[in-house]
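Here is a friendly tour of the structure shown below. Keep the model open as you read, and look up each element as it comes along.

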Amino acid sequence: MYLLIPAAGSGKRMGHDRNKVLLPLLGQPIFAWTLLAAEAATSIQWIGIMGQPIDFPDFQACIDTLPLTKPVQLIIGGSTRQESVYNGLQALPPEAEQVLIHDCARCLATPDLFDRATLALQTQLGLIAAVTVKDTIKVVDGDLLVQNTPDRANLWAAQTPQGFSVKQLKDCHERGLTEGWEVTDDAALFERCGLPVHILPGEETNLKVTTPVDLAIAEFILRQRQNQ
Ligand code: CTP
Ligand code: MG
């Protein structure tokens, strides 16, 4: 399986002056934790990482310190996550028929989650890791007035990895570009094109490190794992 890792953001909500994936988490950058999980996932054979060129020296230095056996390619990302994935898809080796896309900021995803995604893709065109939501979700208008309350039983929080057939996902990205669709995950493009997206049971600990609180929670979870 081919894996693309979007890492070309700047981490604005983290409030630091550098890309959050380079921030330390229990002794090594977030970036390293994500790569080590991908390395440990037996079904992954190739890793592409989309980043901003300014971060490439730090990415490469980190890669050089890790015991990686799989080929890792750095790919120039774009100004949105959507653009970064687009660039990643163009950089896939031509023989890649299926791809997993996994946010670098989700550094707690386990190797097992990647392997389950690979297995499920054998029979599915598109899938996303997701978990049921715990909160009651409100739809709110611009005046902060609640419009309605969707039934929580039908609500799932999307995570990554997300997996797709390469040909179909490339077509969806091209169509998104032509029609000006702006989305925050790849499944949304697949859905708009009328293609099926299946749910793969995700992991409650597979949080996206977005704010300083997430970093503290991630550290706690990693410590727990190390103690087990
Ligand atoms: N990402 C990317 N290219 C972009 C923007 C984001 O590859 N132009 C990546 C991020 O590096 C991250 C993932 O997409 O691994 C999910 O995005 P998010 O959590 O929003 O990260 P940032 O965009 O960096 O953070 P923020 O939105 O707070 O600025
Ligand atoms: Mg962002």
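## Helix H4 and its neighbours

In this predicted model, the buried residues of H4 pack against strand S1 (2-6), H1, strand S6 (98-101), strand S7 (126-132), strand S10 (156-165) and strand S11 (198-201). Contact here means heavy atoms within 4.5 Å, and buried means under 20% relative accessible area, with exposed over 50% and partly exposed in between (1.4 Å probe, protein chains only). Helices (H or I, at least four residues) and strands (E, at least two) are DSSP runs, numbered from the N terminus.

Which residues of helix H4 (residues 111-121) are buried? They are Leu113, Phe114, Ala117, Thr118, Ala120 and Leu121. Viewed down the axis of H4, these buried residues fall within an arc of 165°, so they line one face of the helix. The arc is that of the directions from the helix axis to the C-beta atoms. An α-helix has 3.6 residues a turn, so residues three or four places apart point the same way.

## Helix H2

Helix H2 (residues 56-65) has Phe56, Phe59, Cys62 and Ile63 as its buried residues. They cover an arc of only 130° around the axis, which puts them on the same side of H2. The face turned away from that buried side carries the exposed residues Pro57, Asp64 and Thr65.

What do the buried residues of H2 pack against? Their partners are strand S3 (28-29), helix H1 (30-40), strand S4 (46-51) and strand S5 (72-76).

## Around ligand 1

Ligand 1 is surrounded by 18 residues, and the closest are Gly11, Lys12, Lys20, Ser84 and Lys208. A residue counts here if one of its heavy atoms lies within 4 Å of the ligand.

An oxygen atom of ligand 1 is 3.1 Å from a polar backbone atom of Ser10, and a nitrogen atom of the ligand is 3.3 Å from a polar backbone atom of Thr80. Taken alone, ligand 1 exposes 560 Å², and the protein buries 89% of that; accessible areas come from the Shrake-Rupley method with a 1.4 Å probe, and for residues only the protein chains shown count as cover.

## The whole protein

Overall, the protein has 7 helices and 11 strands. Buried residues make up 47% of its 228 residues.

## Reading the numbers

Residues are numbered from 1 along each chain as its sequence is written, while chains are lettered from A and ligands numbered from 1 in the order in which they are written. Local features need pLDDT of at least 70, side-chain atom pairs count only at pLDDT 80 or more, and totals for chains, interfaces and linings use all residues; side-chain values use heavy atoms, leaving out hydrogens and water.

Notes:
Polar contact = N/O pair within 3.5 Å; in protein donor to acceptor, adjacent residues only side chain to side chain.
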